[in-house]
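User: I would like to learn how to read a structure step by step, with the general idea given before each case. Could you take me through it?

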Amino acid sequence: MSVNENGNIASPESGASLVPTNPVAVGALTGVHGPIGQPVAAGGNDVLKGGMDRSGLMHALRRRWLLASTTGLLLSAAVAAGLYWLFPPTNSASTQFQVASNPMTLLDRTAVQTTTDYDIFKGTQIAYLKSPFVLNAALRNERYNIAKLPFFDDADDKVEYLQDELLVSFPNNGEILEVTLSGPYPEQELKDIVEAVCASYYDEVLFRDRTSRARPLQILQGSLKDLKEIVYDKMTEYQTLAEEAGSSAVYQGGFDPETKLMLSEVMGLLNRRSKIEEEIGEATMQFKVFEAQINDPTYQEQLAQQQMSMDPMISQMQQMVMYYQMQIRSEAALVKRGTSARIRQLEKQVQELQQEIAMAQQQMLAQIAGERSNDPNPLLKTQTMSYTIMRQMKQAELAQIDQEFEKLKQDLYAKAKNNTDLMLRLAEIEQLREVEQGIATKIQNLTVESEAPARITAVSADPAQRPIANTFNNRNQLQRYAISGLGGLTALVLTCLAIGYAEFSKRRLNGPDQVDEGLGIRVIGTLPRLGGKSGSHSVFAQLSESIDSVRTALMHESTKKKRQLVLVTSPETAEGRTTVASQLAASLARAGRRTLLIDGDMRRPALHSLFNQPLEDGLCEVLRTEAEVTDVIRPTQAEGLWLMTAGYCDSDAVRALATDQVQPIFDKLRADYDFIIIDGAPVIGVADSLLFGQHCDGAILSVLRDQSSVTRIHQSVEMLRGVGVRLIGAVVNGVSSKADRRVTHLQQVTPKRQQPKLEMVEN
């Protein structure tokens with residue numbers, strides 16, 4: 001067995017059964033689907049200029065699977081490791097507050113707060129925790145001294161940076177207010193910041209709230225003290241008048257029935273007056289408490305914050321800031337070191353928006369302050385109007401009572417001038433004492449309520465009731481694994497796509513469909529791929545059957561048109577043309593046709609090695625008129641097959657190929673042989689095949705799957721057609737196929753003439 005330089009082997013045992021060692025393809029005939037050489041859309045995609053589709057990608061990766069998988073896995077591992085390093089472990093610190101859904105009370109347990117009120121209350125607490133006055137207080141807190149921590153090294157505005165990084169929420173919409181801070185910073189640093197913010201929230205919000213709750217008690221205590229002084233003064237005055245009158249009848253109650261009735265009416269009027277004055281006093285106290293709460297700076301700041309949060313312009317700018325910051329983080333994740341122009345542009349836009357937000361907030365605060373100075377608070381104005389109307393009505397009732405009282409007083413003066421004044425004074429004193437008792441009762445109730453548990457309490461706190469933060473390390477481990485894995489997978493996919501696209505751009509041949517349907521070139525046959533066991537019977541059988549299909553197509557063509565002299569060529573080298581030519585010639589010889597095989601690749605001949613023949617005295621010698629054509633033709637081991645080698649090629653032989661002396665040589669050979677097969681040179685690169693083709697009846701183009709370029713195939717067909725060469729069709733090598741069992745079984749059957757015979761023995 002010998003091997004030629006094009007990678008083809010011959011099996012001397014089988015005579016003319018020649019096998020290509022290159023991956024060669026299939027054995028099936030396909031029809032003609034378009035003018036020969038005219039490219040058409042294969043599967044809806046132009047094979048010459050069309051974009052990469054799924055099928056093209058799969059074929060490209062099939063050819064470069066080892067490079068794609070190796071490079072992809074290496075890049076995937078590098079990207080995954082880089083992402084794992086770029087995303088450092090994240091620590092976090094958090095603390096929780098218990099926020100009761102209803103206000104805590106010891107006396108009145110009937111009041112229940114609605115869901116809407118509770119949602120507003122929760123939103124207010126979140127706004128307080130992230131408000132500038134709480135965060136500024138935290139930064140000024142000398143106990144924690146967080147302003148000098150490395151956490152704020154890259155922050156232009158520490159308050160805004162802390163607002164962005166601090167997460168305040170009610171998990172699962174429950175009653176737990178959670179304050180969390182996460183980042184690639186030491187646990188103790190995050191713990192100090194969270195505790196400083198919560199301590200400022202406790203001092204600036206919760207403590208002030210308790211102080212405001214104690215103000216009504218202080219007002220009532222002051223009113224009670226003033227009332228006691230008035231009662232004391234009136235009692236002293238009463239005793240002085242009683243001593244001057246020298247009467248004790250008032251204390252004994254010795255009056256006649258009419259006087260007693262009048263005194264009873266007087267007491268009724270005084271009781272009515274006392275009740276009205278008590279209502280006026282209570283309304284006055286509530287109005288003063290409401291006025292004090294409205295004028296509280298904390299309430300005014302809260303009102304201003306709520307109005308600013310409802311402003312659509314500020315909300316839109318804040319959303320834009322958050323959107324740009326998310327883009328900055330995304331861009332920063334892609335930049336390993338330093339910054340990019342995109343990040344600097346986004347940071348500039350964020351700064352401009354933050355400046356606009358700050359200016360808008362200052363304008364709104366000034367506007368709110370101006371509105372309060374020009375026009376009183378609407379709630380306070382309404383409450384003042386209600387209080388004024390109520391007071392006027394009660395004053396009218398008091399005026400009426402005073403008129404009735406004055407009439408009774410005049411009547412009593414007429415009956416007992418001395419005792420009436422004392423009784424009136426005593427009735428007034430009793431009425432003041434009842435008012436005093438009512439105020440004392442309210443003070444006692446408020447004192448009890450002041451001991452009620454706070455509505456907001458820290459879940460974990462130190463003895464001074466300051467919140468304590470809990471720390472957690474490496475909380476983003478799962479996210480780091482996920483990001484690394486996703487990045488590695490993306491790198492693997494992109495690498496495979498890049499290698500696939502690079503391979504696809506070479507436009508290598510994927511299969512017979514691209515030649516037949518894509519380029520419009522008739523595929524007259526395919527040759528199978530040789531596996532690892534290249535010498536197995538199944539491969540030889542399938543190869544022989546496939547080449548016989550090509551022979552059948554050629555012989556059928558010969559019945560319609562003259563196809564005696566056939567050129568076998570290829571677009572470029574190493575595309576199986578020597579295999580096709582030698583196998584086709586051997587198949588024609590097996591079919592009983594006198595066949596001559598000519599090695600037309602004069603520059604790189606191979607057939608002499610394939611058939612174990614000497615190179616000299618071949619075609620080149622005939623072209624140089626150094627030998628007769630009949631003298632250089634040699635028989636082969638295959639019956640009916642003769643060979644003409646290329647001979648020693650030089651410039652004279654190449655020039656002679658372009659002269660008129662070639663035609664008489666082929667005319668003589670036509671008379672002696674049924675078929676003449678020329679194993680030509682590649683079409684692209686040298687002109688030998690184009691010169692041979694002008695003397696031939698047709699040409700067969702040999703192409704190799706996964707090796708031949710579709711554009712080169714199209715170019716070679718155009719070159720052949722340009723010089724008038726008729727293209728019979730193409731043979732596709734290297735197509736994977738499974739051998740038919742009927743073919744392989746036929747090759748394994750022992751011929752009848754070779755079967756052992758039994759001798760007859762005579763008795």
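User: What is the relative accessible area of Asp650, and how should I read such a value?

Analyst: A residue counts as buried under 20% relative accessible area, as exposed over 50%, and as partly exposed in between, using a 1.4 Å probe and the protein chains only. Asp650 has a relative accessible area of 30% and is therefore partly exposed, whereas Arg624, at 15% relative accessibility, counts as buried. This is a predicted model, in which local features need pLDDT of at least 70 and side-chain atom pairs count only at pLDDT 80 or more, while totals for chains, interfaces and linings use all residues. Residues are numbered from 1 along each chain as its sequence is written, and side-chain values use heavy atoms, with hydrogens and water left out.

User: Which residue forms a salt bridge with Asp650?

Analyst: Side chains of opposite charge can pair when their charged atoms come close. The rule applied here asks for a side-chain nitrogen of Lys or Arg within 4 Å of a carboxyl oxygen of Asp or Glu. Asp650 meets this rule with Arg624, the closest N and O atoms being 2.9 Å apart. The two residues belong to distant parts of the chain, 26 residues apart: Asp650 is in the loop between strand 15 (641-644) and helix 20 (651-657), and Arg624 is in the loop between helix 19 (619-623) and strand 14 (633-635). Elsewhere, salt bridges with shared partners join Arg62, Arg63, Arg64, Glu503, Arg508 and Asp706 into one network.

User: How many salt bridges does the rule give, and which parts does the pair Lys442 and Glu282 tie together?

Analyst: The count comes to 24 salt bridges. In one of them the side chains of Lys442 and Glu282 meet at 3.3 Å, N to O. Lys442 lies in helix 13 (residues 417-449) and Glu282 in helix 8 (residues 257-294), so this pair ties together parts that are 160 residues apart in sequence. Lys442 is partly exposed at 31% relative accessibility, and Glu282 is also partly exposed, at 30%.

User: Is Asp688 buried or exposed, and what does its side chain meet?

Analyst: Asp688 is buried, with a relative accessible area of 2%, and its side chain meets that of Arg603 in a salt bridge of 3.0 Å, N to O. Asp688 is in helix 22 (residues 688-693) and Arg603 is in the loop between strand 13 (595-599) and helix 18 (607-610), 85 residues away. Arg603 is partly exposed, with a relative accessible area of 43%.

User: In what order do the strands of the open sheet lie?

Analyst: Helices (H or I, at least four residues) and strands (E, at least two) are DSSP runs numbered from the N terminus, and two strands pair if DSSP finds at least two bridges between them. Here 8 strands form an open sheet in the order 11-18-17-12-16-13-15-14, with mixed pairing. Strand 11 (523-528) and strand 14 are the edge strands, each pairing on one side only. The twist from one strand to the next averages 25°, where axes are lines fitted to C-alpha atoms, for helices over the stretch in contact, and angles run from 0 to 180 degrees between N-to-C directions. Within this sheet, strand 17 (residues 698-704) and strand 18 (residues 727-735) are parallel over 6 bridges, and Ala699 has Leu727 of strand 18 as its bridge partner.

User: Which helix lies across strand 12, strand 17 and strand 18, at about 170° to strand 17?

Analyst: Contact means heavy atoms within 4.5 Å. Helix 23 (residues 710-722) lies across those three strands and runs at about 170° to strand 17. Helix 17 (residues 577-590) lies across several strands, including strand 11, strand 13 and strand 16 (675-679), and runs at about 165° to strand 16.

User: What does the side chain of Asn733 reach?

Analyst: Asn733 is in strand 18 and counts as buried at 0% relative accessibility. Its side chain reaches the backbone oxygen of Glu575 at 3.4 Å.

User: How do strand 6 and strand 8 run, and where is a hairpin formed?

Analyst: Strand 6 (residues 91-99) and strand 8 (residues 176-183) run antiparallel and are joined by 8 bridges, with Phe97 bridged to Leu177 of strand 8. Strand 7 (residues 167-169) is also antiparallel to strand 8, over 3 bridges, and these two strands form a hairpin with 6 residues between them, where Asn172 in the turn has a positive phi of about 60°.

Technical notes. A polar contact is a pair of N or O atoms within 3.5 Å; within protein, one must be able to donate a hydrogen and the other to accept it, and residues adjacent in sequence count only if both atoms are side-chain atoms.
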